[in-house]
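User: Got a structure to go through with you. Can we keep it quick?

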Amino acid sequence: METLDTRGLSALRAIAESGSVAAAATTLGWSQPTVNHHLRNLEKALGSTLIEKSPRGSQPTVVGGLVVSRAVEILGLCDRLGAEVALWREDQAVPVRIGAVPTVGARVIPKLHNQLQKRARWQTPDEMATVLPAPADMTAAALDVTMDEHAKLVARLESGDLDLALLVSTDIDKTWIPSTLKAKHLYSEQLFLCVPKSVGPVSFDAHGMPDLTALVSQTWAFSIDPGDAIDEVVRSFCVAAGFEPRVGMRMDDYAAIIRMIAAGLAVAVIPDSSVPEDPTVEVIPMPMDACRRDVLLVSRARSGESTAKVTRHDPIIAAHHAAVAEVVADVGTVTAQWR
């Protein structure tokens, strides 16, 4: 197969996103003949028709749809490469891309940033063997932070767009983690059932579990993310109690959820880090042995063979791995207080 030209990938992506060659040309700042030229070269290199035209515009073929998804990844990595080289050139810093679900990111990232500022700049293995302080012009790790939904962060980790992610799980066996990823447990949070005071007292069973049947008629606040870990736990407990929770609102802002609870519009299960101090909200602890929220540091799994190749042949990637290791160490430091 011929070597691919990223201009063909850019043309294909732009056509798929805009729906026509004309709109793609405007987006890219190219002429229409130029867009068509690079598209034809890409189709020739791959030996497949990637775009089909109709009176309604231009759409990817089945094969074209596959190529578009890969084009997004490839062009994203090209953009990342440009940004990383610029950062290295200007600040002598190695970027580490870390994602986080918002509730964890808001708690951990500020402390992580402060901890990174305290550490000596990372050094190569030879330099670490000395006792001399790191020179002022040594490179350092720089955080590039993304806050997003769990499923999107997992996908970005798998594609290589993120180095690390702070994720949460209520699955003790962590069966949701793909084989391409590895997870390190950082700490666990207790979960609390939060209800309006007007609901009245909620009784407990012998194991300390709140009687959820008292909430059959209540509206539940769930996450926007359809696979949210806490939502799945709530649903399983409600079903075990004999009813399906009635979800009346979806949001990921716990402060907003608490205001809804205080107004008598919802009930919700909330992690310890976001429990409200509101006299109109009843905060009921859930037993840790029945449910909890685990906070995990997730990264891509690397084979021994790939690690050996990096060590032998690629000092730039080795430097990036050293920066990631620095961030991992500091994540452990700043989260130790919550273990």
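User: What follows α8?
Analyst: G242 follows α8, and its phi is positive, near 105°. Helices here are DSSP runs of H or I with at least four residues, strands are E runs of at least two, and both are numbered from the N terminus. This is a predicted model: local features need pLDDT of at least 70, side-chain atom pairs count only at pLDDT 80 or more, and totals for chains, interfaces and linings use all residues. Residues are numbered from 1 along each chain as its sequence is written, and side-chain values use heavy atoms, with hydrogens and water left out.

User: And the start of α8, which side chain reaches in there?
Analyst: D228. One of its side-chain oxygens comes to within 3.1 Å of the backbone nitrogen of I230.

User: Which residues of α8 are buried?
Analyst: A229, I230, D231, V233, V234 and C238. Buried means under 20% relative accessible area, with a 1.4 Å probe and protein chains only.

User: Switching to strands. What is the order in the open sheet?
Analyst: β10-β7-β11, with antiparallel pairing. Two strands pair if DSSP finds at least two bridges between them. The edges are β10 (268-271) and β11 (281-285), each pairing on one side only.

User: How many bridges link β7 and β11?
Analyst: Five, with β7 spanning residues 191-196. F192 stands opposite P285 in β11.

User: Which strands does α9 lie across?
Analyst: Helix α9 (residues 254-262) lies across β7, β10 and β11, at about 140° to β10. Angles run from 0 to 180 degrees between N-to-C directions, using axes fitted to C-alpha atoms, for helices over the stretch in contact. Contact means heavy atoms within 4.5 Å.

Conventions. Buried means under 20% relative accessible area, exposed over 50%, partly exposed in between (1.4 Å probe, protein chains only). A polar contact is a pair of N or O atoms within 3.5 Å; within protein, one must be able to donate a hydrogen and the other to accept it, and residues adjacent in sequence count only if both atoms are side-chain atoms.
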